[in-house]
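Q: Could you walk me through a structure that is new to me? I would like to begin with a few helices.

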Amino acid sequence: MHHNLKLARLWIALLAVSTTAVHCKTASQDVSALNAMYSSLNSPSQLSGWKSSGGDPCGNSWERIKCSGSSVTEINLSDLGLTGSMSYQLSSLTSVTYFDLSNNNLKGEIPYQLPPNARYIDLSKNGFTGGVPYSISQISDLDYLNIAHNQLNNQLGDMFGNLGKLQQLDLSFNSLSGNLPDSLKSLRNLKKLHLQNNQFTGSVNVLANLPLEDLNVENNKFTGWFPEELKDIKRLHTGGNSWSSGPAPPPPPGTPPIKHHSDEKNNKKPVVRELAIAGAAFGLLAIIIVAVALSKRKSSSPSSHFTDEEKHSQHKSFATLSSQELSKDSNTSVSKEYKGFKSLDSTSIDIKALQKTPSVSVRSSVSDCVQSFNDNKFANRLKVRRSTSIRVSPFSFEELKTATANFASGRLLGEGSIGRVYRAKYADGKVLAVKKIDPSLFHDGSPEEFSQIVSIIGKIHHQNIVELVGYCSEREHLLVYDYYRNGSLHDFLHLSDDFSKPLTWNTRIRIALGTARAVEYLHEICSPSLLHKNIKSSNILLDTDLNPRLADYGLASFHQRTSQNLGAGYNAPECTQPSAYTLKSDVYSFGVVMLELLTGRMPLDSSKPKAERCLVRWATPQLRDINAVENIVDPALRGLYPPKSLFRFADIIALSVQSEPEFRPAVSKVVQALERLIQSSSMTLREDLGRMDDDYDDDDPSTL
């Protein structure tokens, strides 16, 4: 009896241990994400218990990790001297609310996706480069964001509209530029804002109505009058800017007054009376100013202030909206459905001005491609677009001729139907890529066409897109881009020797996702949508961390003139005529690229048996067959891939390369499916993609 009792107790103890182990077992997507992070951080010894594959972070109490049940909720890796870069699987960490990698030696760009439900993110005091990822706009529970003391540059996207819970934002000590985005007005709970030691320009008026208690805008390039509404902030630092002196001018007639936060609490009649008197005085002053301006206009020459401004900036005048467009919603200001400054987007730059100016101001930033605006902001937006710019520099022909050794064949990086690309090397070690456009592609040698192309390409900015650095319009038409030493995806997949390290499965999926996001930006963020028309593996460049950079965008008008619209094997079936090309044709071409990533084969390969020469024709029947798909995977992977991930990727490809364009998903749906693939959702991809097809409306003109 006593012996049986002991056995019973032993079984109960074992059952308790077993139950605890099962309960503490970490969710698989969290394990996978932490494995990828550990590898990206160069497998640091400081993180005891961590592994690059498998393990149980919650059950085995990995260093600096906190959990709730089977989910990771906190990651605090600050002050550990970590190196490497951030992982691309962070969006899988859906339960993480606290994420701190501050004060390390991390490099590279901040990944597009971060823990989607985080409330606290601190990436400060590292060596991050690139821009602030626009996906931050979707982390709606964010309360604290600190990206200070890095090497971030570019302009700040209009990304704050959904971040109403944000209380502290620190972007100080970087090289961020451009005007402050309008969406900062949405930060209704923001108490602390540090922007010091950047290169921000324009005014800080967007901050005037925020409940700030700590504001630091020192050492930027801000101009204009500092708002009265901000002068009573407890902790305020404004030095090192070019503020205007003297009394601020009155607001335009009809401008609603800005509410002071103190006014909301102390709405006293004497203050109201004083404001009314001041408003009447300002109104009288405004009437006098308008009258004087009108009288001057009647007597002045056609060279008005607006023209003088343009002479000073060396810009051709912006095209204005037609009277019909303005009258559509004249009573309620510009229509909310009006998609961006479409007439401004077609603005050409005077080619003579391009040659004379030290640099060309091209309208840019993420906010340029955000498609809608509302309220009475037309004049203000126009002003912002004239002042907010990325500097695209002119290069002399002689300079580029010298840097490319007279466009020597030894400097040739590639050749396509539009022209050749050369490597330009400078004495200080700087290296650039120069695209020399075939002069026969220009109609009658029209310089305006090239200036318009520079304008369009120069305003494109995305972390997965190669940015335009400059141009040359002397003798030849040349576009100058950043140079990537790792070359193209085509080189990695098809020209590697036996000693080269093949791309891993995770890297291939990351390249697919980054490229899809670049195409999504062109198709669905920019207004009007930009067709690429030349998506192929040789136009996907790889940076030092093997992140993809899509090249050759904005040149669709040239592709329409060439007899061969695309590289062999990438053309969608409907593209027998250039006019038949749609956004879905780009999706097909990208599907072929994904097929290259999967199989390691070229789209057309005459060295293969006849039945296997056309990649799409050979592979498509096998993509839907679970038993056959593993037979077409790139042998260079040596079987090192998760089968579940393989089948999902094959399904995405199969949908993208369908022969009928209406059955292909929009690229945004492809992005979502690839993100779900990385997140290792428990849902099968066939269910995901089936839902994707259901969501897709064939009759919706916005997707065509």
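Predicted model: local features only at pLDDT ≥ 70, side-chain atom pairs only at ≥ 80, totals over all residues.

Q: Where is α2, and how many residues does it have?
A: Helix α2 covers residues 28–40 and has 13 residues. From its first C-alpha to its last it reaches 18 Å, close to the 18 Å expected at 1.5 Å a residue; the expected span is 1.5 Å times one less than the number of residues. Helices (H or I, at least four residues) and strands (E, at least two) are DSSP runs, numbered from the N terminus.

Q: Which residues of α2 are buried?
A: They are D30, V31, A33, L34, N35, A36, M37, Y38 and S40. Buried means under 20% relative accessible area, with a 1.4 Å probe and protein chains only.

Q: And what do those pack against?
A: The buried residues of α2 pack against β1 (65–68), β2 (71–76) and β3 (98–100). Just after α2, N42 takes a positive phi of about 65°.

Q: Changing topic, how do α14 and α16 cross?
A: The axes of α14 and helix α16 (residues 583–599) come within 10 Å and cross at roughly 170°. Therefore α14 is roughly antiparallel to α16, a label for angles over 145 degrees. Axes are lines fitted to C-alpha atoms, for helices over the stretch in contact, and angles run from 0 to 180 degrees between N-to-C directions.

Q: Which residues meet there?
A: W505, R508, I511, A512, T515, A516 and H523 in α14 meet L583, D586, F590, M594, L597 and L598 in α16. Contact means heavy atoms within 4.5 Å.

Q: What about α14 and α19?
A: The axes of α14 (residues 505–525) and α19 (residues 643–656) come within 12 Å and cross at roughly 30°. These two helices are therefore roughly parallel to each other, the term for angles under 35 degrees. In this pair, W505, I509 and A512 in α14 meet S645, L646 and F649 in α19.

Q: Finally, where is S473, and is it buried or exposed?
A: S473 lies in the loop between β19 (468–472) and β20 (478–482). At 13% relative accessibility, S473 counts as buried. The C-alpha atoms of S473 and F397 are separated by 7.7 Å, although these residues are 76 residues apart along the chain.

Note on methods
Residues numbered from 1 in each chain as written. Heavy atoms only, no water. Buried < 20%, exposed > 50% of the residue type's maximum accessible area, 1.4 Å probe, protein only. Parallel < 35°, antiparallel > 145°, perpendicular 65-115°, else oblique.
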